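Trainee: Can you walk me through this one? I'm new to it.
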Amino acid sequence: MTTTHRVHDDLDALTADAAAWFLARIERAQREGRTAHVALTGGSVSDPFHREVVHGSRDVGVDWDRVHWWWGDERFVGADSADRNSLQAVTTLLTPLGVPDSHVHFVASSDEASDVDEAATRYADELASHAPDGFEVVLLGLGPDGHVASLFPGHASLGVDDRLAVGESDSPKPPPLRVSLTFPALNRSRAVAFLAAGDGKADAVRAALTPGPLVDCPARGVQGQEETVWFLDAAAASAIQL
Ligand code: 6PG
């Protein structure tokens with residue numbers, strides 16, 4: 001397993017590089033005969049990343065009918081809430097790519113499940129059924145506190161290792177109700193890409209790249225089986241020596 005760090009001048013350059021890397025990974029998966037399962041992220045990097053993937057998709061030979069889409073986490077709000085990571089991704093990525101609805105695996109919204117635990121159980125069951133071999137790529141933003149997906153420092157979800165998804169009812173980042181993939185699910189991926197930009201993430205990047213307890217910095221707990229790539233801008237990389 002390799003870990004690489006790719007530092008860019010700004011968010012645009014970061015997301016352009018991440019998109020090119022992502023598309024190349026999907027092309028390779030298809031050359032090697034795999035259906036690619038991808039876990040997308042929410043947060044501020046997602047829209048610019050999605051735009052770059054759509055832009056770059058014109059230059060590659062990816063068959064989008066052989067890619068399935070998931071989320072590392074989702075907010076447990078109404079299906080049409082602007083807070084839904086999936087709603088944003090449908091608009092900025094999945095519709096522009098012409099992805100078939102059957103290949104998009106949504107976490108149940110608060111309109112469809114009675115609580116976060118039911119939503120988590122349903123999502124985990126769907127993941128186990130459709131992607132028994134895990135992900136090709138997991139994409140993750142990074143919180144200023146070192147959280148990834150909706151796995152937050154000090155929360156019980158960090159210790160959940162017998163399920164693929166877990167409900168979170170007390171997210172320090174609003175909205176409070178969420179569903180998150182667990183560490184076992186996030187780590188069942190050939191590749192993991194962290195995308196972090198801005199000086200507000202510098203301390204979290206340094207913590208994530210420094211050995212220490214998972215409870216203090218959940219980002220320490222995720223790595224790809226083949227590769228882990230950190231896509232950073234100079235500000236987010238300003239507290240580390242590479
Ligand atoms: C979410 C995200 C979350 C996000 C980080 C970074 O649903 O909120 O999945 O894990 O990636 O909080 O978000 P920002 O880039 O907006 O700080």
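Mentor: Let's begin with a term: a polar contact is a pair of N or O atoms within 3.5 Å; within protein, one must be able to donate a hydrogen and the other to accept it, and residues adjacent in sequence count only if both atoms are side-chain atoms. This is a predicted model, where local features need pLDDT of at least 70 and side-chain atom pairs pLDDT 80 or more, while totals for chains, interfaces and linings use all residues. Residues are numbered from 1 along each chain as its sequence is written, and side-chain values use heavy atoms, with hydrogens and water left out.

Trainee: How far is the polar side-chain atom of Thr41 from an oxygen atom of the ligand?
Mentor: 3.3 Å. For Asp73, a side-chain N or O atom is 2.6 Å from a ligand oxygen. For Asn85, the figure is 3.0 Å.

Trainee: And how much of the ligand does the protein cover?
Mentor: On its own, the ligand has 420 Å² of accessible area, and the protein covers 91% of that. Such areas come from the Shrake-Rupley method with a 1.4 Å probe; for residues, only the protein chains shown count as cover.

Trainee: How many residues surround the ligand?
Mentor: 14, and the closest are Ser44, Asp73, His147, Ala149 and Lys201.

Trainee: New topic. How many aromatic pairs are there?
Mentor: Seven. Rings of Phe, Tyr and Trp (its six-membered ring) pair if their centres lie within 6.5 Å; planes under 30 degrees apart count as stacked, over 60 as edge-to-face and the rest as tilted. Phe22 and Phe49 have ring centres 5.7 Å apart and planes at 75°, so they are edge-to-face.

Trainee: Why does that pair tie together separate parts?
Mentor: Phe22 is in helix α1 (residues 11-31) and Phe49 in helix α2 (residues 46-57), so the parts joined are 27 residues apart in sequence. Helices (H or I, at least four residues) are DSSP runs, numbered from the N terminus.

Trainee: Are Phe22 and Phe49 buried or exposed?
Mentor: Both are buried, meaning under 20% relative accessible area (1.4 Å probe, protein chains only). Ring pairs also link Phe22 and Phe49 with Trp64 and Trp69 into a cluster.

Trainee: What caps the N-terminal end of α1?
Mentor: Asp10, with a side-chain oxygen 3.3 Å from the backbone nitrogen of Asp12. After α1 comes Gly33, with a positive phi near 85°.

Terms used
Near = heavy atom within 4 Å. Helix = DSSP H or I, 4+ residues; strand = E, 2+ residues; numbered from the N terminus. Buried < 20%, exposed > 50% of the residue type's maximum accessible area, 1.4 Å probe, protein only.
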